[in-house]
Amino acid sequence: MTPKILIVDDEPLNLTTLEAFLAGEGYELHFAANGYDACAKAQIEQPDLILLDVMMPELDGFAVTRRIRADPVIGRIPIILITALDDDRSRLEGLHAGADDFLSKPCRREEIRARVRTVASLNRFRIIAEQRARFERLFALAPGGIVLVDPQGTVVAANARAEVHRTGRPVVAPFDKAAAEIVRATLSEAWRAGESTAHEVRHLHGGAERIFHVRAVIVPDGGTHLAMLAFDDITAEVHAREALQKVNAELDELVRARTRQLEESNGMLLSYANFVSHDLRSPLTVVKGYLSLVEEGVVPLAEAAPVVSQAYQGTIMMQELIQNMLQLAQDEHDRTRQPAPVAVDPAPVIRRLALRMRDLFSRHEPHFEFAPLPPVGVSAVLIERVFYNLLANALKYSAQQRPPRIEIGAAGSADAPVIFVRDNGVGFDARDTDKLFREFTRLPTASGTDGFGLGLSLVARLLRAHGGRIWAESVAGAGATFFVQFPPPAASPVEPRLAGAAEPS
């Protein structure tokens with residue numbers, strides 16, 4: 001780098017003379033015609049040396065020297081005072097002001113060249129020494145490990161933070177194979193590109209994983225070059241980042257779970273609405289049918305007492321259905337805050353339903369057969385909703401048989417109690433089994449019967465929400481069997497699974 005020299009003199013002839021003396025010596029020359037201009041130029045150019053005339057108007061050389069020395073930015077620039085004053089008092093005042101050397105006028109070419117060369121060189125050495133001392137201090141006190149490596153990959157120097165590296169050993173020696181390859185690649189990229197490169201390195205140290213951010217840069221060292229590797233231990237930061245990512249993932253999953261629960265709750269509300277409309281159709285049809293007999297005169301009013309009684313029984317069943325649905329909705333609302341039923345005997349519930357069904361379908365004279373049933377871990381209202389639909393379906397599709405025969409029995413084990421409903425009705429093709437529990441789907445064997453294909457899909461949805469399931473077996477023309485598996489008594493509450501749940505197998 002070319003040394004800069006600022007020449008200050010109020011006499012143009014002196015400026016020209018000094019310029020001629022120093023021309024061709026390899027300096028970058030700058031000029032100022034007075035003291036104020038000298039201070040301004042020194043701030044801008046920050047020269048390596050100032051040649052300063054003492055005798056100047058307004059602001060003399062002593063005053064300029066004192067101003068420069070008082071400035072923290074330019075205060076260490078060497079100053080050679082050029083003066084015609086040859087008395088000791090003037091020289092002493094110059095030294096007190098902060099001058100580094102003196103030249104007496106008239107100046108001789110060789111003397112001024114020698115003085116300038118010496119002072120400029122000393123200043124250069126001083127700057128280099130200060131920079132080296134500053135580098136060595138930063139090297140020693142750096143918060144991360146710093147290692148200097150020769151082109152062969154051998155450690156030339158390492159600070160205290162680089163505790164795993166030793167001078168004279170390969171820089172990759174402390175690392176396992178995978179980490180060593182990353183360090184080696186980082187060095188190769190820096191040597192090849194001539195610019196800074198960085199990678200993340202993980203390795204085991206003292207039985208624990210440590211993670212470093214490794215940067216490599218090529219630095220000059222005399223007539224050669226070295227690679228400087230900076231190792232920043234980012235183990236805590238990486239672990240914190242990974243922990244945060246894990247927390248974010250868990251939060252995302254929690255949000256998705258809550259969203260699914262909301263969707264499932266909305267689905268359950270829709271199911272309850274569909275249950276109400278679906279399950280009320282049968283007793284309402286009975287009421288309407290019996291009353292129409294009176295309305296249309298088929299049964300004279302004087303003989304209508306049995307008909308009105310049947311209609312009244314239908315209204316009682318409708319009232320029970322509504323109360324049952326309200327209780328079921330309340331149970332669903334409280335289910336996450338209340339323990340599962342310890343043990344519920346399903347037999348009384350199903351027997352009572354069978355009696356109601358016998359009244360509703362009295363003209364078909366249905367026959368019910370009961371086997372012992374195991375206790376289950378769901379509420380009585382849920383049992384009633386499930387088997388109301390299954391018994392009604394069994395009677396509907398067995399209506400052409402004389403008599404319709406409905407069998408209620410048990411299978412499975414105490415840990416997975418199963419109750420089945422078997423009829424002697426029309427049955428269905430086994431290939432259509434997967435269609436049974438789809439909404440608004442009716443099988444070919446259902447032709448000639450009323451309905452929208454909602455009942456079994458609603459039952460399946462409700463069972464899934466309470467940890468149970470339903471499936472069926474049949475042969476067309478030979479009846480059907482529906483199996484319902486409930487959670488066992490005192491089982492832990494099962495989270496609802498409605499939206500997107502698999503169809504019963």
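**Entry 1: a residue pair.** I note here that the model is predicted. I then looked up the strands around this pair: β3 covers residues 49-53 and β4 covers residues 79-83. Four bridges join β3 to β4, and the two strands run parallel.

**Entry 2: the sheet.** Next I asked in which order the strands of the open sheet lie. I recorded five strands in the order β2-β1-β3-β4-β5, with parallel pairing. The edge strands are β2 (28-32) and β5 (101-104), each of which pairs on one side only. For the twist, I noted an average of 20 degrees from one strand to the next.

**Entry 3: helices on the sheet.** I turned to helix α1, residues 12-22, which packs on the sheet. I listed the strands that α1 touches as β1 (4-8), β2, β3 and β4. The direction of α1 makes about 155 degrees with that of β1. Helix α2, residues 35-45, lies across β1, β2 and β3. I found α2 running at about 150 degrees to β2.

**Entry 4: a helix pair.** Finally I examined helix α3 (residues 61-70) and helix α4 (residues 88-97), whose axes come within 8 Å and cross at roughly 20 degrees. Angles under 35 degrees count as roughly parallel, so α3 is roughly parallel to α4. I recorded the crossing of α3 past α4 as right-handed. On α3 the contact is made by Phe62, Thr65, Arg66 and Arg69, and on α4 by Ser90, Glu93, Gly94 and Ala97.

How values were computed: Residues numbered from 1 in each chain as written. Predicted model: local features only at pLDDT ≥ 70, side-chain atom pairs only at ≥ 80, totals over all residues. Heavy atoms only, no water. Axes fitted to C-alpha atoms, helices over the stretch in contact; angles between N-to-C directions. Parallel < 35°, antiparallel > 145°, perpendicular 65-115°, else oblique. Left-handed = near helix turned anticlockwise from the far one by under 90°. Contact = heavy atoms within 4.5 Å. Pairing = 2+ DSSP bridges.
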